[in-house]
Amino acid sequence: MKYKKRKFIPGECMHIYQRSVNGYIIFYDLEDFLVFYMVFSVFSRIYKVRVLEMCIMPNHVHILLESECLDEISRFIMRYTSVFVREYNDAIGRKGPLFHKSFGSAPKKGGKNIRSTIVYIGNNPVEKDLSLSSEGYRWNFLAYIKLRGMKFPLRRLRYKLQKAFKFVDMIHSKSAFLTYSQLARLMQGLTPEEISKLSDYIIMKYYPFDTDALLSFYSSYEDMIQAMHCTSGKEYDIKEVYISEPDTVYRKMSAVLEKTGFRNRYGLLRHVAVLSDDEKFNLAQMLRRQTNASVYQVCRFLHMEVKRC
């Protein structure tokens, strides 16, 4: 079987697209986003890849990066993906891949093409109704551009949160990432507001983006955000699986599980992926009744084959 040679232009921007197996949801909880982000950040530095932008969606990831070597990009993606999947699976007793082995990619040359891709990636959550604005979505990290260099007033924080910040500093100094179990220990006993502050601190501490390179395609940060408000951007070079349904239904399903006490019984919501077929079937019927989700959306949320839903 002949494989199509991947297009690549050394030193130019490359749009990377990773999608989950069968469209299954991967990122359910705050911890899922944070662990992936930290793993990605650690290995972006190891492989010396210049990252301009990234957006983590419930079942796929968009990245805009630069490198002089295609093999280096491939090794980078393979490495951070395998490490994250191992962490994710070990935490819930799961086996098997989360992402498709082959990732989508498209080289971008010229300011107009690159700006269109920047807008497209930044606006992904807006297009899927996860946010009213591009900068209002935490996991495309655009809001953190304005927070670069911000210092957290440790003395004003509760001692437990101060200790959590110092632990993050220690792990980061070792060029390592926080595991699921370490994150759980840090968050235990914190208020929702403190957990949000801890998340912001982790994001800023591990910040992997070359923001100057990103903003070089615009006159200012405000100009870039305005461009995202005015257009959705385009991507014709990657065969992305298009799903017309909004992603807000996954938040609704998560809320339903929260009300049933699912988190108290199993911990994090991603444990739905390893429930028995009978448990998934019963949950599927309840979720369809209470959220009006389609069969396909419920199956993606529960990691089920459609024929079993």
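**A helix pair and a pocket**

The crossing of helix 12 and helix 13 is right-handed, a word used when the near helix is turned clockwise from the far one by less than a right angle. This is a predicted model, in which local features need pLDDT of at least 70 and side-chain atom pairs count only at pLDDT 80 or more, while totals for chains, interfaces and linings use all residues. Residues are numbered from 1 along each chain as its sequence is written, and side-chain values use heavy atoms, with hydrogens and water left out.

Helix 12 covers residues 277-291 and helix 13 covers residues 295-302, and the two pack at an angle of about 135° with their axes 10 Å apart. That angle makes helix 12 oblique to helix 13. From helix 12, the contact (heavy atoms within 4.5 Å) is made by K280, L283, A284, L287 and R288, which meet V295, V298, F301 and L302 of helix 13. Sorted by class, this contact has seven nonpolar, no polar and two charged residues.

Elsewhere, the reader can turn to the largest pocket, whose volume is about 1,100 Å³. Of the 28 residues that line this pocket, R6, S102, F103, G104 and S105 are the closest to its centre. The elements that give two or more residues to the lining are strand 1 (13-19), helix 2 (70-92) and strand 4 (104-108), and helix 2 gives the most, with six residues. By class, the lining of the largest pocket has twelve nonpolar, eight polar and eight charged residues.

Notes
Axes fitted to C-alpha atoms, helices over the stretch in contact; angles between N-to-C directions. Helix = DSSP H or I, 4+ residues; strand = E, 2+ residues; numbered from the N terminus. Parallel < 35°, antiparallel > 145°, perpendicular 65-115°, else oblique. Nonpolar A, V, L, I, M, F, W, Y, C, P; charged D, E, K, R; others polar. 1 Å grid on protein atoms, 1.4 Å probe; cavity = no way out; pocket = protein on both sides within 12 Å on 5 of 7 lines; lining within 4 Å. Points joined across faces, edges and corners; volume = space filled by probe spheres on them.
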